[in-house]
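Reader: Hi! I have a model open on my screen and would like to talk it through with you. Could you help me find my way around?

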Amino acid sequence: MSTLKTTLTIDGMMCSMCEAHICDVIRRTVPEARKVVASHKKGEASFLTEGVVDEEALRAAIAATGYACTLVTTAPYEKKGLFGR
């Protein structure tokens, strides 16, 4: 199975604590998620999985914490080698 990168556009993140809340929600909702990161400056979060995630469950879990997930995109992820090759 191929690795997928899911990127979420999230409204409402204002600080690093908000980023931590979003990362926690993703990890609870998608236990198989790896490399979970969030950026309040970019207004997005992303993570890697080996399969497709339940987008509706993810949106609902994020909404339950007071943030709004406005966009979810999933694309194949190719690991770059040393020095970006």
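Reader: Which residue stands opposite Ser39 in S3?

Author: Ser39 has Glu44 of S3 opposite. Before we go on, this is a predicted model, where local features need pLDDT of at least 70 and side-chain atom pairs count only at pLDDT 80 or more, while totals for chains, interfaces and linings use all residues. Residues are numbered from 1 along each chain as its sequence is written, and side-chain values use heavy atoms, with hydrogens and water left out.

Reader: Nice. What is the strand order in the sheet?

Author: The order is S2-S3-S1-S4, in an open sheet of four strands with antiparallel pairing. Strand S2 (34-39) and strand S4 (68-76) stand at the edges with a single partner strand each, so one side of each has no neighbour in the sheet. On average, neighbouring strands of this sheet are turned by 15 degrees against each other, direction ignored. That angle comes from axes, which are lines fitted to C-alpha atoms (for helices over the stretch in contact); angles run from 0 to 180 degrees between N-to-C directions.

Reader: How many bridges join S1 to S3?

Author: Six bridges join S1 to strand S3 (residues 44-49), and the two run antiparallel. Leu4 stands opposite Thr49 in S3, and Lys5 stands opposite Leu48 in S3.

Reader: Why is S3 largely enclosed?

Author: Because five of the six residues of S3 are buried, the rest of the structure largely encloses this strand. Buried means under 20% relative accessible area, exposed means over 50%, and partly exposed is in between (1.4 Å probe, protein chains only).

Reader: Where do the helices go, then? Which strands does H2 lie across?

Author: Helix H2 (residues 55-64) lies across S1, S3 and S4, at about 145 degrees to S4. As for the other topic, the core, it is a set of buried Ala, Val, Leu, Ile, Met, Phe, Trp, Tyr and Cys residues joined through side-chain atoms within 4.5 Å.

Reader: Which residues of the largest nonpolar core touch the most other members?

Author: Leu8, Ile10, Ile22, Ile26, Phe47, Leu58 and Ile62 do, out of 20 residues. S1, H1, S2, S3, H2 and S4 each supply at least two residues of this core. The largest share, five residues, comes from H1.

Reader: I keep clicking on Ile26. Is that residue buried or exposed?

Author: Ile26 counts as buried, at 0% relative accessibility, and lies in helix H1. Not counting residues up to four places away in sequence, Ile26 touches Leu8, Ala33, Val36, Ala45, Phe47 and Leu58. Contact means heavy atoms within 4.5 Å.

Reader: What about Thr6, buried or exposed?

Author: Thr6 is buried, with a relative accessible area of 0%, and is found in strand S1 (residues 4-11). The side chain of Thr6 makes a polar contact with the side chain of Thr74 (3.4 Å). A polar contact is a pair of N or O atoms within 3.5 Å; within protein, one must be able to donate a hydrogen and the other to accept it, and residues adjacent in sequence count only if both atoms are side-chain atoms.

Reader: Switching topic: how many disulfides does the structure hold?

Author: Zero disulfides, where a disulfide is a pair of cysteine sulfur atoms within 2.5 Å. Cys18 is in no disulfide, and its nearest cysteine sulfur, that of Cys15, is 3.7 Å away. Cys18 is buried, with a relative accessible area of 10%.

Reader: And how far is the nearest cysteine sulfur from Cys23?

Author: For Cys23, the nearest cysteine sulfur is that of Cys18, 11 Å away. Cys23 is buried too, with a relative accessible area of 10%.

Definitions and conventions: Pairing = 2+ DSSP bridges.
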